[in-house]
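Work through the exercises below with the sequence and the model open. Each task is followed by a solution in steps.

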Amino acid sequence: MNKFSNTVIGLLNLLTLIASIPIIGGALWMARNSTTCEGFLQTPLLVLGFVVLLISLTGFVGACFNVAWALWLYLFVMLLLIATLLGLTLFGLVVASKGGGSGGEHGLGDYSEWLRHRVDDPRNWMAIRSCILGSNTCNKLSSWTPLNYLQRDITPIQSGCCRPPASCSENAQDPDCYRWNGAPNVLCYECDSCKAGVLETARGDWRKLSVLNVVMLIFLIGVYSIGCCAFRNTKRAGADYSYGENRMTKIQPRWDYKMWRWLEDRKEQLY
């Protein structure tokens with residue numbers, strides 16, 4: 001039973017080690033694609049893949065080969081990962097708490113200041129705009145019939161970026177009405193309604209990510225607890241002291257004890 005936790009940690013890290021290979025492969029495959037949207041995800045995926053690979057390798061070696069320092073490093077990095085994931089989860093819940101206008105209409109003022117700052121940055125918006133153009137999101141609406149609009153769900157980006165703002169039909173003095181242009185590469189991509197549609201999509205993604213983060217936190221905390229047991233077993237296996245109900249002394253002492261005994265024997269031979 002003392003080695004059960006080591007076996008579980010070794011098996012879990014072997015599985016995550018194998019799972020990190022498709023993540024790295026997917027990021028490298030994206031590097032060959034020049035589209036802006038996929039290139040934007042390349043670096044985070046590579047970093048995530050290599051971090052998971054290194055952590056899993058360290059935990060696997062420490063648990064299966066009784067390497068105490070490797071398990072200590074593994075637990076330390078796991079603790080940092082849990083703290084980071086907890087902070088990211090709380091941040092995501094705060095970011096996703098604002099937004100979601102009534103009746104499907106979204107305004108920039110409905111969202112958190114952090115999200116608004118992301119889309120107000122011209123460099124960020126140029127990248128987002130290129131993503132929307134490259135995805136042909138608005139081209140899909142050109143073939144829709146009035147019946148399609150009733151039967152299908154229109155996304156926030158399609159509603160805000162591909163059509164004139166609803167307020168323009170009421171002759172309201174909305175600045176977006178002057179930004180609208182029927183050209184396929186212009187449409188309402190510079191409208192506040194388009195930015196709000198992007199923020200609504202991001203808000204939905206953050207909420208889904210927060211739920212996933214909570215599940216991952218529970219899983220990582222469980223793995224961390226098992227890892228602590230494995231670390232204790234590894235330290236006990238490498239120490240020269242009595243343990244257990246029978247108080248039996250360890251048969252194979254640690255390497256430093258052997259070195260000390262060898263030095264003592266050499267001194268006795270010399271003197």
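**Exercise 1. Decide whether tryptophan 206 is buried or exposed, then find its ring partner.**

Solution. The model is a predicted one. Tryptophan 206 has a relative accessible area of 17%. The cut-off for buried is under 20%, so tryptophan 206 counts as buried. Its ring pairs with that of tryptophan 114, with 6.2 Å from centre to centre and 90° between the planes, an edge-to-face arrangement. Tryptophan 114 is in helix H4 and tryptophan 206 in helix H9, so this pair links distant parts of the chain, 92 residues apart.

**Exercise 2. Which residues make up the cluster that contains tryptophan 114?**

Solution. Start from tryptophan 114, which is partly exposed at 36% relative accessible area. A search of the whole structure gives four aromatic pairs. One of them joins phenylalanine 91 to tryptophan 114, edge-to-face, at 5.0 Å centre to centre and 90° between the planes. Phenylalanine 91 belongs to helix H3 (residues 68-95) and tryptophan 114 to helix H4 (residues 113-120), so the pair ties together parts 23 residues apart in sequence. Phenylalanine 91 is partly exposed, at 32%. Ring pairs thus link Phe91, Trp114 and Trp206 into a cluster.

**Exercise 3. What is the handedness of the disulfides of cysteine 161 with cysteine 194 and of cysteine 188 with cysteine 191?**

Solution. For cysteine 161 and cysteine 194, the S-S torsion is about 90°, so this disulfide is right-handed. The pair links helix H7 to helix H9 (residues 192-237), across 33 residues. Cysteine 161 and cysteine 194 are both buried. For cysteine 188 and cysteine 191, the sulfur atoms lie 1.8 Å apart. Their torsion is about -90°, so this disulfide is left-handed. Cysteine 188 and cysteine 191 are buried as well. The count of disulfides comes to three.

**Exercise 4. Which residue lies over the face of tryptophan 125?**

Solution. Lysine 195 does, at 5.6 Å from the ring centre of tryptophan 125.

Definitions and conventions
Residues numbered from 1 in each chain as written. Predicted model: local features only at pLDDT ≥ 70, side-chain atom pairs only at ≥ 80, totals over all residues. Heavy atoms only, no water. Disulfide = S-S within 2.5 Å. Helix = DSSP H or I, 4+ residues; strand = E, 2+ residues; numbered from the N terminus. Buried < 20%, exposed > 50% of the residue type's maximum accessible area, 1.4 Å probe, protein only. Phe/Tyr/Trp six-rings, centres within 6.5 Å; stacked < 30°, edge-to-face > 60°. Lys NZ or Arg CZ within 6 Å of the ring centre and 35° of its normal.
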